[in-house]
Amino acid sequence: LTGGARDLPERQRTLRGAIEWSHDLLDDAKRSLFARLSVFMGGCTLEAAEAVCGTDLDVLDGLASLVDESLLRRTETTDGELRFGMLETIREFAAERLAESGQEEDLRRRHAEWVMAFAEEAEPEIVGENQALWLDRTEREHDNIRAALRWAIDHGEGEIALRTGASLWRFWQQRGHLREGRQWLEEILAMPAASDRTAQRGKALGAAGSLTYWMNDYEATERHYREAVDVYRDVGDHAGMAEALYNMAFVPALKGDIAEARSIFAQSLAEARAAGDQVLIAHALEWEAYADLLEGHYETVVPRLQEAVAMTRRLGRQFELADMLSALSQAYAVTGDLPSARAVLAESMELFKEADNPTGLSMNLYGFAAIAVKAGRFERAARLVAAHEATREEIGGGAPPELMNVMGVPADAAREALPPERFQQAWAEGRAMGLEKAVAYALEENGADARGR
């Protein structure tokens, strides 16, 4: 459509003519709405259309008319959300009209501001009790998020870019968009307009460090986390400092320096208590227990993790609950309580499954493999580790192996216990499973599987 009607093949000229014919039937207000809606990529809700396009228009009536004229499509999602969208050829035609109107820059700013507000609203929800619903909603807005971030970066809108990107890292992490999220955040942090040492920059640095952590790029993780600590110290933000120190403590933990990790976690806990942040207090309690686990002080691990799990359950933080249950499973397993290890890991798996979180599901496949090794079920362990590795490759990362090998390396144990041909066959079967089948296999505890398969 961008080459002009005369240069188009006959089929496309005919299509353009049909769009123009429908467009010409509209009154001025509906033509204006039609043009404005072109800023949305991947469609929008009624509320979004009203926020971005509706300051001087009757959006509801206009949407109905555009649907009647077949210039707009109305769909309903599985959770009952109404969305409106255009075929791409129609959206391109509408974008031409918007460019001609002189309103494009204003509309794109309003669109980016709406995306920022949506991201900040979604941020607590995508780890809370309704996380599956909000992760799905955020996924549906992903194209709008991409468009808004691209506009903000290209136009030097540092605040919009920082606030939007920092709010979305858990979405990118949970839904397996690790590479894309990292790319956005590092591009945002490199903006001259985002370089001031503000709490917003500190939050974005923490987000970038967390994504590189899940991608196991620890050099980048340490760089981002250290700067975040410095920024929050400069601005005197207790809550931000608590989270930055909590994040920073993972750096020495990954290097095996548990004493240094404990020292930083203690600082994080003090800042969290000063800020009254119950979520971060629960995180710090979890990591006190996990440090005991890494150091082999097993007698204290289970009760401490049970306390952290109970606190997180009360707070309704579904992502953290699933993560802590995974840690509690490791604690049960190393103390020899395999039934409890399986039970809490299965609950964690169900939470990650409900959220459609491949990163968490992959982590728990590895946990089930470690339990299988403890139970002497080596072919099962090989299949589960292979499925875990295949998922890691697909999404570009996963939980750090350094923190998952408390019970040893399951693949090595299976390789040593099995004849080479049996190990290779089990490994190939695991890689071919796909994530959905691998999760079902991990949760399976009867029939042939219970006999040692």
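Student: What makes the contact between the side chains of Arg-146 and Asp-143 a salt bridge?

Tutor: This is a predicted model. In it, the N to O distance between Arg-146 and Asp-143 is 2.7 Å. The cut-off is 4 Å, so the pair is a salt bridge. The two residues are three apart in helix 8, about one helical turn.

Student: Why is Arg-146 called partly exposed?

Tutor: Its relative accessibility is 27%. Asp-143, at 38%, is partly exposed by the same rule.

Student: Glu-222 forms a salt bridge with Lys-255. What do the two ends tie together?

Tutor: The closest N and O atoms of that pair are 3.3 Å apart. Glu-222 lies in helix 13 and Lys-255 in the loop between helix 15 and helix 16, so the bridge ties together parts 33 residues apart in sequence.

Student: Which of the labels buried or exposed goes to Glu-222, and which to Lys-255?

Tutor: Glu-222 has 18% relative accessibility. Buried means under 20%, so Glu-222 is buried. Lys-255 has 60%. Exposed means over 50%, so Lys-255 is exposed.

Student: How do you know that Leu-384 is buried?

Tutor: Its relative accessible area is 0%. That is under 20%, so Leu-384 counts as buried. Leu-384 sits in helix 22. Beyond its neighbours within four places in sequence, its contacts include Leu-365, Phe-368 and Tyr-441.

Key. Residues numbered from 1 in each chain as written. Predicted model: local features only at pLDDT ≥ 70, side-chain atom pairs only at ≥ 80, totals over all residues. Heavy atoms only, no water. Helix = DSSP H or I, 4+ residues; strand = E, 2+ residues; numbered from the N terminus. Buried < 20%, exposed > 50% of the residue type's maximum accessible area, 1.4 Å probe, protein only. Contact = heavy atoms within 4.5 Å.
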